[in-house]
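Have the structure open beside you as you read.

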Amino acid sequence: MEFPKVLVGGPVSKNHEYSTDAFIQSLKELDYPNFDILLIDNSDSDEFYNKYKDKINMIRDGSQFSSIKKRMVYCRNLMVKKVLDDGYDYFFDVDQDVLLSKDALRKLVSDNKEVITGVYYSYFMHNGIEKKLPVVYGWFSEQQQNEILNNLENIKVRNPQFYNVLVKENFNFSRIRRQLTEEEVNNDNIIEIKMCGTGCILIHKSILERLGFRENLDGGFDDVIFCKDVIEKLNLKIYCDNSVKCNHLVRERPWHWARDGIEHKIGEKRIS
């Protein structure tokens, strides 16, 4: 059996040092026979790089940008260039706080899709209640759209963030993503999706030959724009393999995302 060659990794930095040892271990334990690892440290200083450079293949680049989002886009595009220049078949982009299952890469490659992700969870506020939900998004059905339109006043009060998105997009549901529920991914199916994060996304070189990563000027991250470009510019589909479940160490973060970068939790100072 022939195993396509995969480049695994992506941007890393001191901001996720709390998860790095476990992250590196999960990459090294992948049960796939044909992959290389490359991590690109875009931290402000060499401290993080010096700590980990002998433990895994890592280079330093990207710190010339003040914006964290620009650094991430730049580093991902360096990964894309290496994939194309060095004859890899896939880029497996893995976030620094996501721990892969040992069979994650093997399963995703065997699915034979141009763009496919596994499942990992994060925590989101819905109607004032925090919920654990997959970082995977789909479309609103016609029934769901009608239910929303018939309950706008209630949504405006209970979920103002979503209401503001509806208004901003002029209630054009084709431009709005729906977060999947835990029940929808609680199976081993391969499903078509609208968007996913970069936590564990496998991308074939045929996509990267036509499309790179770019900054999301609407305030989000590059994952949103990349998925949008795959569907709208390339007219291709994105999939999720629900049997690939990963651990997201989001609860261990000593900070949270802020509009202009990273903000430490109460009592700490903001850094960018």
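Start with the surface: the protein exposes about 13900 Å², and carbon and sulfur atoms supply 46% of that area. Bear in mind that what you're looking at is a predicted model. Of the 272 residues, 48% count as buried.

What about the overall build? There are nine helices and 17 strands here, and the C-alpha trace spans about 55 × 50 × 30 Å along its principal axes. A compact globule with 272 residues would have a radius of gyration near 19 Å, and the protein has 19 Å, so the two agree. The chain also brings together residues that sit well apart in sequence: among contacts between residues at least 6 apart, 70% join residues at least 24 apart.

Staying on the surface for a moment, look for Leu-149, Val-167 and Phe-171. These three form a nonpolar patch, and together they have about 220 Å² of accessible area. Val-167 belongs to helix H7, which covers residues 160–168.

Now for a bit of sheet. Three strands make an open sheet in the order E10-E9-E12, with antiparallel pairing. Strands E10 (178–179) and E12 (195–196) are the edges, each pairing on one side only. Strand E9 (residues 136–138) is joined to E10 by two bridges, and these two strands run antiparallel. To find one of the partners, pick Tyr-137 and look across to Gln-179 in E10.

E12 turns up again when you move to helix H9 (residues 222–232), as it is among the elements covering the buried residues of that helix. The others include helix H3 (68–85), strand E6 (115–119), strand E13 (200–204), helix H8 (205–208) and strand E14 (238–245). How covered is H9? Mostly: eight of its eleven residues are buried. The buried set takes in Asp-222, Asp-223, Val-224, Ile-225, Phe-226, Cys-227, Asp-229 and Val-230.

Let's finish on one residue of that helix, Asp-229. Is it buried or exposed? With a relative accessible area of 3%, Asp-229 is under the 20% cut-off and therefore buried. And what is it in contact with, once you leave aside its neighbours within four places in sequence? Asp-229 touches Leu-211, Arg-214 and Leu-234.

Notes. Residues are numbered from 1 along each chain as its sequence is written. This is a predicted model: local features need pLDDT of at least 70, side-chain atom pairs count only at pLDDT 80 or more; totals for chains, interfaces and linings use all residues. Side-chain values use heavy atoms; hydrogens and water are left out. Patches are made of residues with over 30% relative accessible area and no salt bridge: like charges are joined within 9 Å, nonpolar side chains (Val, Leu, Ile, Met, Phe, Trp, Tyr) within 5 Å. Accessible areas come from the Shrake-Rupley method with a 1.4 Å probe; for residues, only the protein chains shown count as cover. A salt bridge is a side-chain nitrogen of Lys or Arg within 4 Å of a carboxyl oxygen of Asp or Glu. Helices (H or I, at least four residues) and strands (E, at least two) are DSSP runs, numbered from the N terminus. Two strands pair if DSSP finds at least two bridges between them. Buried means under 20% relative accessible area, exposed over 50%, partly exposed in between (1.4 Å probe, protein chains only). Contact means heavy atoms within 4.5 Å. The radius of gyration is taken over C-alpha atoms; the globule rule is 2.2 Å times the number of residues to the power 0.38.
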